[in-house]
Amino acid sequence: MKISFAAAVVLSIVVSGCAAMNQPPGVIVSEDFESTAAGAIPAGFTKTGDIGVEEGVAHSGTHALRIEPAVRGGRYISLDPDKVAALGGEHWGRLYYKVKTPTPMPTGRLIHATFVDGKGISPLANDLIDVRLATLLFYPSGDFKYFYNVQPPNGRKEFGPQSATMQKFTDDWTLLEWHVDAATQTYVFFVNGTEVADIGQHKGAGNYEGIEIPAAFQTLSIGFTNYQPATGEGFTVWIDDFAVGKQRLGPVPATAARK
């Protein structure tokens with residue numbers, strides 16, 4: 001059946017309108033990787049390390065971002081600087097991740113690994129810092145715990161509170177959410193919709209010690225970086241349904257293709 005040009009235009013508008021309605025309010029970037037070819041990364045991102053979209057493994061749809069195994073180092077994609085600038089001094093973020101099990105193990109006393117990293121100027125020391133917005137410590141017991149972590153340069157020690165609750169990697173997709181606000185020096189973190197309160201920070205305006213949220217981030221990256229070596233070939237990780245914006249973005253319904 002042929003569709004007239006006018007009907008095609010109307011259909012396009014309707015589909016576009018539905019897509020817009022499905023976007024969470026206040027969204028700056030929303031990426032489900034469905035329109036990205038296998039092996040590539042989404043338009044508007046740059047990549048570091050061995051990382052690309054895979055078809056057939058996903059939280060929703062059929063595509064997800066696959067982080068290839070490496071004994072040590074970073075495999076991540078970084079947002080367009082204009083999109084990072086649009087976030088300003090406050091944003092919410094969301095992603096789903098899954099780690100291939102059985103996992104490798106630390107070769108030493110632990111592995112520190114990061115899913116989300118932002119770089120910006122410290123409001124306390126005026127130096128360029130790494131703010132690990134979704135990060136964890138993985139131990140030889142096979143347990144891990146989430147924490148908030150800042151890595152400063154110039155010999156200043158890294159810092160941040162650690163959760164008391166230990167977790168284990170499973171074959172399920174895990175939802176991570178975070179919220180940062182430079183004006184109130186606030187950091188909040190959620191796992192599967194539940195706040196991890198013991199790593200949250202609510203310092204208040206002008207109180208930078210122990211948190212140092214930049215007035216604006218210069219970069220924002222998602223992926224997987226393990227700073228210490230792992231056994232075997234290293235971690236294989238998938239990320240899906242990533243978004244950042246000015247309001248809490250909420251969960252995404254899963255679909256059947258969740259291998």
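The legends below describe close-up views of a predicted model.

**Figure 1. Overview of the chain.** The model is predicted, and its chain has two helices and 15 strands. Of the 259 residues, 47% count as buried. Where contacts join residues at least 6 apart in sequence, 70% of them link residues at least 24 apart.

**Figure 2. The aromatic pair of Phe144 and Tyr146.** Twelve aromatic pairs are found when the whole structure is searched. In the pair shown here, the ring centres of Phe144 and Tyr146 are 5.2 Å apart and the planes stand at 90°, so the arrangement is edge-to-face. A pair of aromatic rings is described by the distance of the centres and the angle of the planes. Phe144 is buried, at 2% relative accessible area. Tyr146 also counts as buried, with a relative accessibility of 2%.

**Figure 3. The aromatic pair of Phe224 and Phe235.** The rings of Phe224 and Phe235 are tilted, with 50° between their planes and 5.2 Å from centre to centre. Phe224 belongs to strand 14 (residues 217–226), while Phe235 sits in the loop between strand 14 and strand 15 (237–245), so the pair ties together parts eleven residues apart in sequence. Phe224 is buried, with a relative accessible area of 1%. For Phe235 the relative accessible area is 1%, and this residue is buried too.

**Figure 4. The aromatic cluster.** One aromatic cluster is formed by Tyr97, Phe115, Phe138, Phe144, Tyr146, Tyr148, Phe169, Tyr187, Phe189, Phe224 and Phe235. The edge-to-face pair of Phe144 and Tyr146 and the tilted pair of Phe224 and Phe235 are made of members of this cluster.

**Figure 5. Charged side chains over aromatic rings.** Lys98 lies over the face of Trp238, 5.4 Å from the ring centre. Arg248 is placed over the face of Phe190, and here the distance to the ring centre is 4.0 Å.

**Figure 6. Nonpolar cores and the surroundings of Tyr97.** The largest nonpolar core has 51 residues, and among these Tyr97 and Phe189 touch the most other members. Strand 8 (residues 128–138) supplies the largest share of this core, with six residues. In soluble globular proteins, nonpolar side chains tend to be buried together. Apart from neighbours within four places in sequence, Tyr97 is in contact with Phe115, Phe144, Tyr146, Phe169, Asp172, Trp173, Thr174, Leu176, Trp238 and Ile239. Two of these residues, Trp173 and Trp238, are included with Val57 and Tyr96 in a second, separate core of six residues. Trp238 is also the residue whose ring face lies under Lys98.

**Figure 7. The second largest pocket.** This pocket has a volume of about 230 Å³. It is lined by 15 residues, and the closest to its centre are Leu110, His112, Leu137, Phe147 and Glu158. Strand 8 and strand 9 (144–151) are the elements that give two or more residues to the lining. The most comes from strand 9, with three residues.

**Figure 8. The loop with a cis peptide bond.** The peptide bond from Thr101 to Pro102 is cis, and its omega is near -5°. Most residues other than glycine have a negative phi, and most peptide bonds are trans. Pro102 is part of the loop between strand 6 (90–99) and strand 7 (111–121). Thr103 lies in the loop between strand 6 and strand 7 as well. Thr103 is buried, because its relative accessible area of 18% falls under the 20% limit for burial. Leaving aside neighbours within four places in sequence, Thr103 is in contact with Phe138, Phe169 and Phe235, which are members of the aromatic cluster.

**Figure 9. Two residues with positive phi.** Gln185 has a phi near 50°, a positive value in a residue other than glycine. Gln185 is found in the loop between strand 10 (174–181) and strand 11 (186–191). With a relative accessible area of 1%, Gln185 is buried. Glu212 is not a glycine either, yet its phi is positive, at about 55°. The loop that holds Glu212 runs between strand 13 (201–202) and strand 14. Glu212 counts as buried, at 2% relative accessibility.

Notes
Residues numbered from 1 in each chain as written. Predicted model: local features only at pLDDT ≥ 70, side-chain atom pairs only at ≥ 80, totals over all residues. Heavy atoms only, no water. Phe/Tyr/Trp six-rings, centres within 6.5 Å; stacked < 30°, edge-to-face > 60°. Buried < 20%, exposed > 50% of the residue type's maximum accessible area, 1.4 Å probe, protein only. Helix = DSSP H or I, 4+ residues; strand = E, 2+ residues; numbered from the N terminus. Lys NZ or Arg CZ within 6 Å of the ring centre and 35° of its normal. Core = buried A, V, L, I, M, F, W, Y, C linked by side-chain atoms within 4.5 Å. Contact = heavy atoms within 4.5 Å. 1 Å grid on protein atoms, 1.4 Å probe; cavity = no way out; pocket = protein on both sides within 12 Å on 5 of 7 lines; lining within 4 Å. Points joined across faces, edges and corners; volume = space filled by probe spheres on them.
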